[in-house]
Amino acid sequence: MLTLQGLTKRYGEKTAVDRLTLDVAPGKITGFLGPNGAGKSTTMRMILGLDHPTSGTALIKGKRYADLAHPLREVGALLDAKAVHPRRTAYRHLLAMARSHGIGAKRVDQVLDVAGLGEVAGKRAGSFSLGMGQRLGIAGALLGDPEVLMLDEPVNGLDPDGVLWIRNFLRSLAAEGRTVFVSSHLMSEMELTADRLIVIGKGKLIADAPMADILSRSSRNSVRVRGPEAEGLRLLADRLLEEAADVTWESAGELVVTGLSVERVGDLAHERHVRLHELRAVEASLEQAYMELTAGSVEYGQAPPPGPGVQPLAYGGPPLPYGQPHAGQGEGESLVV
Amino acid sequence: MSSLTTSPAGAPRATPRPSGGGLPGAVAAEWTKLWSLRSTWYFLLVAAAVMAVTAGCIGTVSHDPAASVARPATLATVYGVEFVVAALAMLSVTGEYATGSITNTLQCVPNRARMLVAKSITLGGVAFGAGIVLAAIGVAAGGAAMDAGVFEMSYVAGQVLAIAVHLALLSVLTVGLAAIVRSSAGAITALFLLLLIVPMILQSIPADFFTDLAQFLPQAAGAQFMADEAELYGPVAGLLILVAWAAAFLTAATVVLRRRDA
Ligand SMILES: Nc1ncnc2c1ncn2[C@@H]1O[C@H](COP(=O)(O)OP(=O)(O)O)[C@@H](O)[C@H]1O
Ligand SMILES: [Mg+2]
């Protein structure tokens, strides 16, 4: 459906998108996740032919966007909700778009209703709130009844109602067999919407895998062990390593253990007579997994090499915040990276 | 695609078979956008006022009994009205860059040449239609203000047509120029340089070559095209030179837009 081949965009010295190669499959919601500045918007702009790739290609059903005879019927895109002439009414804005493709005015009314803007169709776009602007953008994206929908951070700045609306809406679109490609810098949001996840950092592909895979890998628990005696902890660590656990030193008095249950770690500590002040199971949330994934690309120059499948979610960054509740409990609770 | 029979919330699909679009669609979109902004009407009203006042003033100071009653309208076009009409053409481009809606325009019509031609047809067409009305206003106001003048129907009709064509071509030129420059301030500056400042500088250089060169710039070519009497090269050459300028700017804009990130 959407195929990126070695897509690269450089702005002077800066590489905004770095040899991105991926496929966006139909009938699914594909989340496009990355911290701010990762290159998501630039990638989408290149797919739409707004920006020119420095090298590589972005094709829609094998064609460049500019070569599509009826682009709005193939790809509906919402890039920047504010990119509408503020003194034009919502209706006229959509009508102009529709006329460019020979789409009738009836369809304009339909998409206005679908987006819940029927009441304010005659109002100027400049008077719209951000949420209404996003809805107008979505109405425009739906105008041509396209097979592919591409939305850049559609929940940005929305209230919980709006977020919920978009989430359900994307689901209904995917359920109809459409290809939905939606970007976000919020893992919690992606966890709730996406079937498949593409993670980028510093323009590079970090992970490309079904959500279930990423979830199963990231949900393995770790155990946090803290004690006052460094010597004892070292003994415990040696014992844990014998059990084939992964041990990471947070500090001289603190270990993070993965691969063993909290009960087993407790038993081993008891067996070695190690005094503990804390023994706690930490459930790694998807949010945390995401931070681990992107930590390298945010903090350091080196990102894991791009490749097919999930990269191991090995911890390689700075100390993580303590385990958070499984992301997505609170509607508005999202971790901004 | 064919498996989809409904769009979200059960709305029926747009059209089973894609049709429409192309250049006619792009023109229809530009037309819709142009007339959905109130400022379009303001510009045309201002142009009418400028025409009436300027042609009236010129008519008052015209004391050549052999002059056509269309002469004040022609002069008012070159010295005033054309800038208002060009500003409308300019805003159809720079306004989209300023608001960011150019990305929406290019999403609908990704072919840069088609987008620019559609804007040219729309703005040129509106300038032509408005130009006929504006010229008629100018002839009426100017003619009434003149103490003596020649009214010959076919000649006046030709002048009115020439004014409309001049405004249309200048609008096309401006669309191209504005697409290259993108910002309103920059486009206004470039337009004034091209139409007024550069010719003045060239004519102030005491060498025939530069004085002659100034005669081939758009403003002089338009004036020749609309002139009463054939001066340097006459109306037909004037028209062709103006067409060439408009085509050159449109072509340059297409090349620039194809290469440049939106
Ligand atoms: N027109 C531009 N000129 C220079 N740098 C740019 C331009 N557009 C984007 N960038 C840079 O490219 C990087 C990627 O930006 P962007 O695609 O907007 O990221 P995201 O959408 O993931 O937040 C950022 O570092 C940004 O500063
Ligand atoms: Mg972005």
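In chain A of this predicted model, six strands make up an open sheet in the order β5-β6-β7-β3-β8-β9, with mixed pairing; strands and helices are here DSSP runs numbered from the N terminus, a strand (E) having at least two residues and a helix (H or I) at least four, and two strands are taken to pair if DSSP finds at least two bridges between them. The edges of this sheet are formed by β5 (75-78) and β9 (204-210) of chain A, each of which pairs on one side only. On average, neighbouring strands of the sheet are turned by 15° against each other, direction ignored, where axes are lines fitted to C-alpha atoms, for helices over the stretch in contact, and angles run from 0 to 180 degrees between N-to-C directions. Within the sheet, β3 (residues 29-33) and β8 (residues 196-201) of chain A pair in the parallel sense over four bridges, and A:Gly31 has A:Leu197 in β8(A) as its bridge partner. Helix α1 (residues 40-47) of chain A packs on the sheet, where it touches β3, β6 (148-152), β7 (179-184) and β8 of chain A, and its direction makes about 145° with that of β7(A); contact means heavy atoms within 4.5 Å. Helix α6 (residues 160-175) of chain A likewise packs on the sheet, touching β3, β6 and β7 of chain A, with a direction at about 150° to that of β7(A).

Chain A also contains an open sheet of four strands, ordered β11-β12-β10-β13, in which the pairing is antiparallel. Because β11 (246-251) and β13 (278-282) of chain A stand at the edges, each with a single partner strand, one side of each is left without a neighbour in the sheet. Five bridges join β11(A) to the antiparallel strand β12 (residues 254-258) of chain A, and A:Asp246 stands opposite A:Thr258 in β12(A). Helix α9 (residues 230-242) of chain A lies across β10 (222-226), β11 and β12 of chain A and runs at about 155° to β11(A), whereas helix α10 (residues 262-271) of chain A lies across β10, β12 and β13 of chain A, at about 160° to β13(A).

The secondary structure of chain B, by contrast, comes to 10 helices and zero strands, and its C-alpha trace spans about 75 × 40 × 30 Å along the principal axes.

Between the two chains, 43 residues of chain B are in contact with 46 residues of chain A. The area buried there is about 3700 Å², of which carbon and sulfur atoms give 54%; buried area is the accessible area (1.4 Å probe) that two parts lose on being put together, summed over both. One salt bridge is counted between chain B and chain A, a salt bridge being a side-chain nitrogen of Lys or Arg within 4 Å of a carboxyl oxygen of Asp or Glu. B:Asp261 forms a salt bridge with A:Lys9, with the closest N and O atoms 2.7 Å apart. On the side of chain B that touches chain A, the elements giving two or more residues are α1 (22-35), α3 (71-99), α4 (102-108) and α10 (234-259) of chain B, and the largest share, seven residues, comes from α1(B).

Residues are numbered from 1 along each chain as its sequence is written, and chains are lettered from A and ligands numbered from 1 in the order in which they are written. Local features need pLDDT of at least 70, side-chain atom pairs count only at pLDDT 80 or more, and totals for chains, interfaces and linings use all residues, while side-chain values use heavy atoms, with hydrogens and water left out.
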